[in-house]
Protein chains: 2
Amino acid sequence: MAQLNSTRIRHSVIFKLKHAKGSAEERDFFNAAKKLGAIPGVEKFECLKQVSRENKFEFGISMEFANQQLYDQYNNHPEHTAFVQQRWMKEVVDFMEIDFEVIS
Amino acid sequence: MAQLNSTRIRHSVIFKLKHAKGSAEERDFFNAAKKLGAIPGVEKFECLKQVSRENKFEFGISMEFANQQLYDQYNNHPEHTAFVQQRWMKEVVDFMEIDFEVIS
């Protein structure tokens, strides 16, 4: 029997958009991105502004999953894959993914 | 009069240690790091394991500050500067800082 992996994961991505800062295109991107927060399993969904001058990224998106199975479901969800194809790959010029598990 | 900046900041750093995985030296580093969570102004202090294969970092530390002034106080606090000098600069081989503001 498969063992359920119950480790909570905080998934985040930091990125740069090709759009001008404060542009309508930038707002439209985040309006589309926010719909990802409604995909089943997604908790604590946040759109973030990256303000450290120690890295080159301008924005972040963060969310949590109760376990790896829910994270995998999100990754394969048609609304997520459509967003990646139709928006992310066309509008994001650089990004880095970070996945955290809390050390107990 | 100076205006109070009341934007909440989530400060995090992702990093690699020079120590062997699961070593006593690694545990000792985190035992020292956890004391940073007691510095005034620090909220939601967490030590994290970085598990994405899309980047080269192995750990994270995350915390929040209610405003930039409290973040600055933390940065200049003698317990923080001592940790940076005595532990961080000697035991961390690579790192990246990320600071997030929540987009309302």
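**Entry 1: outline of chain A**

I noted at the start that this is a predicted model. I then looked up the secondary structure of chain A and found 3 helices and 4 strands. Read from the N terminus, the elements follow the order β-α-β-β-α-α-β. I also looked up the box that the C-alpha atoms of chain A fill along the principal axes, which is roughly 50 × 30 × 20 Å.

Next I looked up burial. Chain A has 104 residues, and 44% of them are buried. For contacts in chain A between residues at least 6 apart in sequence, I found that 72% join residues at least 24 apart.

**Entry 2: how the two chains are related**

What rotation places chain B on chain A? I found a rotation of 180 degrees, with 0.0 Å of shift along the axis and an RMSD of 0.0 Å. The two copies are therefore related as by a two-fold rotation axis.

I then looked up the interface. Of the interface residues of chain B, 100% are interface residues in chain A too, so the copies meet through the same surface.

**Entry 3: aromatic pairs**

In chain B I looked at the pair of Phe65(B) and Tyr74(B). This pair is tilted, with 5.2 Å between the centres and 45 degrees between the planes. The cut-off for buried is under 20% relative accessible area. Phe65(B) counts as buried because its value is 0%, and Tyr74(B) counts as buried because its value is 2%.

I also followed ring pairs through chain A. They link Phe15(A), Phe29(A), Phe30(A), Phe59(A), Phe83(A), Trp88(A) and Phe95(A) into a cluster.

**Entry 4: Lys44 in both chains**

I looked up backbone angles and stopped at Lys44(A). Its phi is near 50 degrees, which is a positive value in a residue other than glycine. Lys44(A) sits in strand E2 of chain A, residues 43–50. Lys44(A) is exposed, at 57% relative accessible area.

I then checked chain B. Lys44(B) is not a glycine either, and its phi is positive, at about 50 degrees. Lys44(B) lies in strand E2 of chain B, residues 43–50, and is exposed with a relative accessible area of 57%.

**Entry 5: Lys90(A)**

Is Lys90(A) buried or exposed? The cut-off for exposed is over 50%, and Lys90(A) counts as exposed because its relative accessibility is 54%. Lys90(A) belongs to helix H3 of chain A, residues 78–91.

Leaving out residues up to four places away in sequence, I found that Lys90(A) touches Lys18(A) and Gln85(A). I also looked up the separation of Lys90(A) and Asp72(A), which are 18 residues apart along the chain, and their C-alpha atoms are 23 Å apart.

**Entry 6: the largest pocket**

I looked up the largest pocket and wrote down a volume of about 300 Å³. Its lining has 15 residues, and the closest to the centre are His11(B), His80(B), Val84(B), Trp88(B) and Glu97(B).

Which element gives the most to this lining? H3(B) does, with 6 residues. Among the elements of chain B that supply at least two residues each are strand E1 (9–17), strand E3 (59–65) and helix H2 (68–76). By class, the lining of the largest pocket has 10 nonpolar, 4 polar and 1 charged residues.

**Entry 7: the cavity**

How many cavities of 30 Å³ or more are there in the whole structure? The search finds 1. The volume of the largest cavity is about 90 Å³.

The residues that line the largest cavity include Arg10(A), Ser62(A), Phe100(A), Arg10(B), Ile14(B) and Phe100(B). Strands E1 and E4 of chain A and E1 and E4 of chain B are the elements that give two or more residues to this lining. E1(B) has the largest share, 3 residues. By class I found 5 nonpolar, 4 polar and 2 charged residues in the lining of the largest cavity.

Note on methods
Residues are numbered from 1 along each chain as its sequence is written. Chains are lettered from A and ligands numbered from 1 in the order in which they are written. This is a predicted model: local features need pLDDT of at least 70, side-chain atom pairs count only at pLDDT 80 or more; totals for chains, interfaces and linings use all residues. Side-chain values use heavy atoms; hydrogens and water are left out. Rings of Phe, Tyr and Trp (its six-membered ring) pair if their centres lie within 6.5 Å; planes under 30 degrees apart count as stacked, over 60 as edge-to-face and the rest as tilted. Buried means under 20% relative accessible area, exposed over 50%, partly exposed in between (1.4 Å probe, protein chains only). On a 1 Å grid over the protein atoms alone, a cavity is a set of points where a 1.4 Å probe fits but cannot get out, and a pocket is an open set with protein on both sides within 12 Å along at least five of seven lines; lining residues have an atom within 4 Å of a point. Grid points are joined across faces, edges and corners, and a volume is the space filled by probe spheres set on the points. Ala, Val, Leu, Ile, Met, Phe, Trp, Tyr, Cys and Pro count as nonpolar, Asp, Glu, Lys and Arg as charged, and the others, Gly among them, as polar. Contact means heavy atoms within 4.5 Å. Copies are superposed by least squares on the C-alpha atoms of residues with pLDDT of at least 70 in both.
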